[in-house]
Amino acid sequence: MKDIGIEQISMAIGFIILLLGLYGMLSQKNILKIIISFTIFETGLNVIIVSIGYMKNRTAPILDSLGLQENTADKIVDPLPQALVLTSIVIGLGVTSLLLV
């Protein structure tokens, strides 16, 4: 039997959260519930992006030790997914605040 890693678990949880948010957006008639569902949808999408960027047995891309400076590409994760999620959180906060006004 294949080992299920944290990548698969977080991806599945992200898709469940995403689908719950999508269901809430499509089935609700109250505008506040639709906005909350939109926020849940965004959270699921962020979890999926982070789980795609996760790489087992790798470290953050901070070059502070000599051991990390050799074969750096094999030892660090790509910081782009985390940067995209941080940007998505800020944009989501702005969109949610505009929807509530």
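Biologist: Which residues in α2 meet which residues in α4?

Modeller: Bear in mind that this is a predicted model. On the α2 side the residues are Leu32, Ile35, Phe38, Thr39, Glu42, Asn46, Ile49, Val50 and Gly53, and in α4 they meet Pro81, Val85, Ser88, Ile89, Gly92, Val95, Thr96, Leu99 and Leu100. By class, the residues of this contact of α2 with α4 divide into eleven nonpolar, six polar and one charged. The axes of α2 and helix α4, which spans residues 80–100, come within 10 Å and cross at roughly 175°, and α2 and α4 are therefore roughly antiparallel to each other, since an angle over 145 degrees counts as such.

Helix α2 also packs with helix α1 (residues 6–27), at an angle of about 160° and with the axes 7 Å apart, which makes α1 roughly antiparallel to α2. The crossing of α1 and α2 is left-handed. Among the residues of α1 that meet α2 are Glu7, Ser10 and Met11, while those on the α2 side include Ile48, Ser51 and Ile52. The contact of α1 with α2 has 14 nonpolar, eight polar and one charged residues.

If its neighbours within four places in sequence are left aside, Ser51 is in contact with Glu7, Ser10 and Met11. A polar atom of the Ser51 side chain also lies 2.8 Å from the backbone oxygen of Ile48.

Notes
Residues are numbered from 1 along each chain as its sequence is written. This is a predicted model: local features need pLDDT of at least 70, side-chain atom pairs count only at pLDDT 80 or more; totals for chains, interfaces and linings use all residues. Side-chain values use heavy atoms; hydrogens and water are left out. A polar contact is a pair of N or O atoms within 3.5 Å; within protein, one must be able to donate a hydrogen and the other to accept it, and residues adjacent in sequence count only if both atoms are side-chain atoms. Contact means heavy atoms within 4.5 Å. Axes are lines fitted to C-alpha atoms, for helices over the stretch in contact, and angles run from 0 to 180 degrees between N-to-C directions. Helices (H or I, at least four residues) and strands (E, at least two) are DSSP runs, numbered from the N terminus. Angles under 35 degrees count as roughly parallel, over 145 as roughly antiparallel, 65 to 115 as roughly perpendicular and the rest as oblique. A crossing is left-handed if the near helix is turned anticlockwise from the far one by less than a right angle, and right-handed if clockwise. Ala, Val, Leu, Ile, Met, Phe, Trp, Tyr, Cys and Pro count as nonpolar, Asp, Glu, Lys and Arg as charged, and the others, Gly among them, as polar.
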